[in-house]
Amino acid sequence: MTRDRYSRFRKFHQAKWDEELIFELSVPGERGVLPPLAEPEIENEVGDGVSVLGNLKRKKAPALPEVNQMRVNRHYLRLSQETLGTDVTIDISQGTCTMKYSPKVQEHLVARDPNLICVHPLQDPNTMQGLLYIYYQVEKFLREISGLDYFSFQPGGGAHAVYSNASIIRAYHQSRGDTKRDEMITTMFSHPCDAATPNTAGFKVITLMPDENGFPPLDAFKAALSERTAGIMITNPEDTGIYNPRIKEYVDAAHAVGALCSYDQANANAFLGIARAKEAGFDMCHFNLHKTFSAPHGCMGPALGAQGVKKELKKFLPVPRVEFDGSRYYLDYNAPESIGKVKQFLGNSAIVVRTYMWIMQLGNEGLKEAAKISVLNNNYMMKKIKEIPGVVMYYDFGIGKNRLEQVRWSWEKLKEDTGFGTDDVNQRISDFGIQHYWTSHHPWIVPEPFTPEPCESYNKDDLDEWIGALQEISRECYEEPETIKGAPHSGPVHRVKHPAINEEQLIAVTWRQYKKRKNIE
Amino acid sequence: MQRKGQIVYPYIPNSVPETKQAMMKEIGISDIMELYEREIPAELRFKEDMQLPEPIYDEYTIKRHTEKILAKNKNCKDYLCFLGAGCAPHFVPAVCDEINGRGEFLTAYVGESIADHGKWQALWEYCSLMAELCAMDVLSIPMYDGAQAAASSIRMANRINGRTKALIPEKMSPEILMVIRNYVNSMPAPDIELVTIKCDSMGRIDINDLQSKCSQDVCAVYIENPAYLGTIETRSQEIGTLAKEAGAEYIVYTDPISLGIIEAPANYGATITCGDFHSLGIHLHAGGGQGGFIAAPDDMKYIAEFKDLMFGITETIVEGEYGFGEVLYDRTSYGARDKANEFTGTSTGLWAITAGVYLALMGPKGMEEVGTTIMQKAQYAARKIGQIQGIEIKTNPPFFKEFVVNFDHTNKTVGEINQALLNYKIFGGNDLSCEFPDLGQSALYCVTEIHSQEDIDQLCYALQGIVTC
């Protein structure tokens, strides 16, 4: 059986195992693995080892399940099969996330090479020269890609890097005694972390709303600036995929009042070798190496937000930094004005290694090709999606304005016509063997939103299959409403009754809590 | 042979010239740069080439190239490693690697439970298994690392009771302290004051000093147990009582691999338990295998203050079928932006699933055995090392996994000794002489279940040789 000859659809059904919870598999006495024990000579020498604990010896063993090894392995393999990872689906649905292919040669190396997985972060730097060389090289690569001067690989994700940049903005003003600057400006279509992280770092956050162009007008932006502005933290293009062509004027205006400008480039896929933070005047930026630079997302991490700054801000970066003295690489902790640390040790080194390998395979031309093809793919999809009944493009202007790597669409018309909105379409799409799409960050400014991002990894046939599924779902909404109402039909589970759990008596985030709620012994 | 013509990149399928042409024709352009030119003004475009190395196109060569670079590292497979300080070498069951290597888990992201049901269940089970270990009811999905968990725990306490002073031990993990210091900083100045509690030289809390500082403005009493220097805080119950009497939260940072044999902090009064689950089935990864957790009681005053996503088990439209949903989503910054309690984001999901697999494999008996083995081997190692002339073990029992070895009477620095140990293919303990100068030339040695008696004896042999030469 292959895909339907005419429609190109699959008769897909995701694995559905009705798999028990791990606790329900417990058989008293079963063992999953036997850890090493102390040799008899050691026991002779020190005894049972635990009597010294006295009252602190655990009195009641933790109620972990007792499950044999084959069953544990099978349990988790089944759960993996009930997960639509990018490796098994066309995952162009999750705009802003850049779900690109993570090359297997990189994955195999970082998962298996003892010179990475068996390295302790506190080893003498002389015994980590290979890894430190790679850190040093990747910093040089990102310098070229961003135009900024120095990078830290410590933050453990994109939001973490934005937080670390907010910390540097704080340290910069504090170092100058300019402590009245307690406001940070962002835009509503910038990622939520551009508002949340400065708040965590102690700033009041001003969020500017878009006008009919999709971004805040320059006048409104200038009106928000003052001697209290510490910095701006924004994306461009924003979530909508719209690029603000006057960004440099915004940055210049912020600089004019003494603020720093931080560019959220979590997703920089359209920009590699095409446009840089430097030319737009930014003081700092960050790249998600687990998005743009091919490292996988791992069910939400481990991840890495590489944080870049101009040379004037180098002294505030987290410690340690990898430096080179002409003959050897070393870890430099000597930075008295540093913000300190945002993560333990050297950050997620395996992601730095993946980035190194990916850039080394593409080079200058290949990176530009990745950017350009991601934009081509998106504009190809854009033309086709525009023709789907029920779809509305916001900020279209009727002038054929294109987008770069992603588009925020709306099912507003579909909702008006059929009563089905974006959540209904989303429930149905995984029946086609496709990961359901990302709607929008909150709040939904664009009604009934969805945000695909094809990046460069998928071929034309993949794009056509995805677009075809959307076309078919639109047709079903208009012509076969019953098909939509019951969706998903082919997933690992049926529709969840209450996906938003807000009442205390319904909250069960662990087995212990679940048993309490259900009065299970 | 040279590759001729335009390169078709294996990871960029539409770089095939004919495909590219067809797609450009479809959208009415003749050059992809036209799409950029309409959007990005010329002065903002970068028109030069990035100065990057010549690419290595083929898969075989890039692998060999990278392996050759990494081969300049020494590793803990070829060397005996006695380094810990928050990242200790432990036994990693093969099933852990099997599961975290699955492409579906490796490459999944934020899919909802209708398509990613397995991911939601695996992460919910991680929370559940950790909850049993911690004897606490509530966990969120994981955090960046233990340091983040510690820092966020203190902020939670501050929000819970509105107080602004946190008591922390004088001797604690310097790495964690650095993260906390930055995390409580604010504009214009830190909004939580960190006040240190006096400790003995090995990090046990001075109860009298704690008592004198446990005032009504304290939001939390934070301790590490086992402490950074390996000592087990035997007066942890008394510390909890003092915190409770002051109306403060009692935060205990712990090593989860110890909890099969050491009492769960909740059972001696902790109201918030936090730590790093790296010890549960994850390789060293040069420090990239860390993952943080916070556990708290089943009480809305705690639940509402978690900063990260929480997955709740619920029902689907089919009776008896488990489904999963988001708990209090508007609490997080995904839902509330700057109105959220802190920020959240991508953290360490794959490692959390791995820690869950580890606990499922180990069960209660396995956790008891591994904890006992670590206690025995660490005590054996301390005893044997302490018998070498000129070397003194500073840590008194009970301790877990780590202990302080002092070399003051050897006329050698820790740096010199560690350098000499490399000749024996041994990574000696973490040098404490910079972190805690009052301990003189001391090192923090870490011994776990993976160290055999032969390994420990080999270390002693090497140290003996080094200090007597």
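The domain bounds used here come from an automatic or database domain assignment, and under that assignment chain A is divided into domain 1, residues 109-359, and domain 2, residues 370-485. The C-alpha centres of domain 1 and domain 2 of chain A lie 31 Å apart. The structure is a predicted model, in which local features need pLDDT of at least 70 and side-chain atom pairs count only at pLDDT 80 or more, while totals for chains, interfaces and linings use all residues. Residues are numbered from 1 along each chain as its sequence is written, and chains are lettered from A and ligands numbered from 1 in the order in which they are written.

Where the two domains of chain A meet, 19 residues of domain 1 are in contact with 16 residues of domain 2, two residues being in contact if their C-beta atoms, placed from the backbone, lie within 7 Å. The side of domain 1 of chain A that touches domain 2 of chain A has 10 nonpolar, eight polar and one charged residues; in this classification Ala, Val, Leu, Ile, Met, Phe, Trp, Tyr, Cys and Pro count as nonpolar, Asp, Glu, Lys and Arg as charged, and the others, Gly among them, as polar.

The secondary structure of chain A comes to 15 helices and 13 strands, and that of chain B to 15 helices and 15 strands; helices (H or I, at least four residues) and strands (E, at least two) are DSSP runs, numbered from the N terminus. Taken along the principal axes, the C-alpha atoms of chain A fill a box of roughly 85 × 65 × 45 Å, and the C-alpha trace of chain B spans about 80 × 60 × 50 Å. For chain A, the radius of gyration is 26 Å, which agrees with the value near 24 Å that a compact globule of 521 residues would have; this radius is taken over C-alpha atoms, and the globule rule is 2.2 Å times the number of residues to the power 0.38.

Buried residues make up 60% of the 521 residues in chain A and 64% of the 469 residues in chain B, where a residue is buried if 20 or more other C-beta atoms lie within 10 Å of its own, exposed if 12 or fewer, and partly exposed in between. Among contacts between residues at least 6 apart in sequence, 74% in chain A join residues at least 24 apart, and the corresponding value in chain B is 72%.

The contact between the chains involves 185 residues of chain A and 186 residues of chain B. Helix α10 of chain A (residues 349-386) provides the largest share of the chain A side, with 22 residues, and by class that side has 94 nonpolar, 59 polar and 32 charged residues.

In soluble globular proteins, nonpolar side chains tend to be buried together. A nonpolar core is defined here as a set of buried Ala, Val, Leu, Ile, Met, Phe, Trp, Tyr and Cys residues joined through C-beta atoms within 7 Å. The largest such core has 321 residues, of which B:L123, B:V221 and B:I251 touch the most other members, and helix α13 of chain B (residues 349-386) gives the most to this core, with 20 residues. Apart from neighbours within four places in sequence, B:L123 is in contact with B:I141, B:F311, B:G349, B:A352 and B:I353, and also with A:C299.

Within chain A, an open sheet of three strands has the order β10-β11-β12, with antiparallel pairing. Strands β10 (392-393) and β12 (449-450) of chain A stand at the edges, each with a single partner strand, so one side of each is left without a neighbour in the sheet. Two bridges join β10 of chain A to strand β11 of chain A (residues 409-410), and A:V392 stands opposite A:S410.

Helix α12 of chain A is largely enclosed by the rest of the structure, because seven of its eight residues are buried, among them A:T422, A:D424 and A:R428. The cover over these buried residues includes β12, α13 (460-479) and α14 (481-485) of chain A. In the loop between α11 (412-418) and α12 (422-429) of chain A is A:G421, which counts as buried because it has 20 C-beta neighbours inside 10 Å. Not counting residues up to four places away in sequence, A:G421 touches A:W411, A:K415 and A:E448.

Definitions and conventions. Pairing = 2+ DSSP bridges.
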